[in-house]
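Please examine the model shown below before reading the report.

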Amino acid sequence: MSSAIEQEGNRFKTVVEGHTAYVDFDRTDDTMVLTHTWVPAEIGGRGVAADLVKAAFDAARRDGLKVSPVCSYAAVWLQRHPEYADLLR
């Protein structure tokens, strides 16, 4: 992926070729709850969703938070990246 990922409120987002993709989350005191991942079909299949979810997990680690992957994509991503399993709530 070529575009930067930014956190804007309760969303990690990126714009690729004019299309916005994002991961939404809710925050409790010590947990980031990943609720929804969206990547437009025009930029699908390029690892954009994976990069967004990784950015969310990296931010949670940096901020000392646990992660609850309610979003099905985020849950599958976590299964593929056991190095982040310590963050699971």
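Two strands are said to pair if DSSP finds at least two bridges between them. Strands (E, at least two residues) and helices (H or I, at least four) are DSSP runs, numbered from the N terminus. This is a predicted model, in which local features need pLDDT of at least 70 and side-chain atom pairs count only at pLDDT 80 or more, while totals for chains, interfaces and linings use all residues. Residues are numbered from 1 along each chain as its sequence is written, and side-chain values use heavy atoms, with hydrogens and water left out.

## The sheet

Strands of a sheet pair through backbone hydrogen bonds, either parallel or antiparallel. Here five strands form an open sheet with mixed pairing, in the order S1-S2-S3-S4-S5. Its edges are strand S1 (6-7) and strand S5 (66-69), each of which pairs on one side only.

At one end of this order, S1 and S2 are antiparallel and share two bridges. Glu6 stands opposite Lys13 of S2. The hairpin of S1 and S2 has three residues between the strands, and Gly9 takes a positive phi near 65° there.

S2 and S3 also run antiparallel, joined by six bridges. Val16 has His19 in S3 as its bridge partner. Which residue takes a positive phi in the hairpin of S2 and S3? It is Glu17, with a phi near 50°, in a hairpin that has two residues between the strands. Most residues other than glycine have a negative phi, and most peptide bonds are trans. Glu17 is a residue other than glycine with a positive value, and it is found in the loop between strand S2 (11-16) and S3. Glu17 counts as exposed because its relative accessible area is 60%; on this scale exposed means over 50%, buried means under 20%, and partly exposed lies in between (1.4 Å probe, protein chains only).

In a regular strand the side chains alternate between the two faces of the sheet. S2 has a covered face with Phe12, Thr14 and Val16, and an uncovered face with Arg11, Lys13 and Val15.

Strand S3 (residues 19-27) is joined to strand S4 (residues 31-38) by six bridges, and the two run antiparallel. Tyr22 has Trp38 in S4 as its bridge partner. Thr37 also has its place in strand S4. Thr37 counts as buried because its relative accessibility is 15%. Contact means heavy atoms within 4.5 Å. Leaving out residues up to four places away in sequence, Thr37 touches Tyr22, Val23, Ala49, Val53, Cys71 and Tyr73.

## The nonpolar core

In soluble globular proteins, nonpolar side chains tend to be buried together. A nonpolar core is a set of buried Ala, Val, Leu, Ile, Met, Phe, Trp, Tyr and Cys residues joined through side-chain atoms within 4.5 Å. The largest one in this model has 24 residues, of which Phe12, Met32, Leu34, Val53 and Phe57 touch the most other members. S2, S3, S4, H1 and H2 each supply at least two residues of this core, and H1 gives the most, with eight.

Met32 has contacts in several parts of the chain. Residues up to four places away in sequence are not counted, and among its partners are Phe12, Phe25, Ala56, Leu65 and Val67.

## Charged pairs

Side chains of opposite charge can pair when their charged atoms come close. A salt bridge is a side-chain nitrogen of Lys or Arg within 4 Å of a carboxyl oxygen of Asp or Glu. By this rule the count comes to seven. The table lists three of them.

| Salt bridge | N to O distance |
|---|---|
| Asp58 and Lys54 | 2.7 Å |
| Arg61 and Asp86 | 2.9 Å |
| Asp63 and Arg62 | 3.1 Å |

Asp58 and Lys54 both lie in helix H1 (residues 48-62), four residues apart, which is about one turn of the helix. Asp58 counts as partly exposed because its relative accessibility is 28%, and Lys54 is partly exposed at 37%.

Arg61 and Asp86 meet in a salt bridge of another placement. Arg61 lies in helix H1 and Asp86 in the segment after helix H2 (72-80), so the pair ties together parts that are 25 residues apart in sequence. Arg61 is partly exposed at 36% relative accessibility, and Asp86 is partly exposed at 43%.

In the remaining pair of the table, Asp63 is partly exposed at 40% relative accessibility, whereas Arg62 is exposed, with a relative accessible area of 60%.
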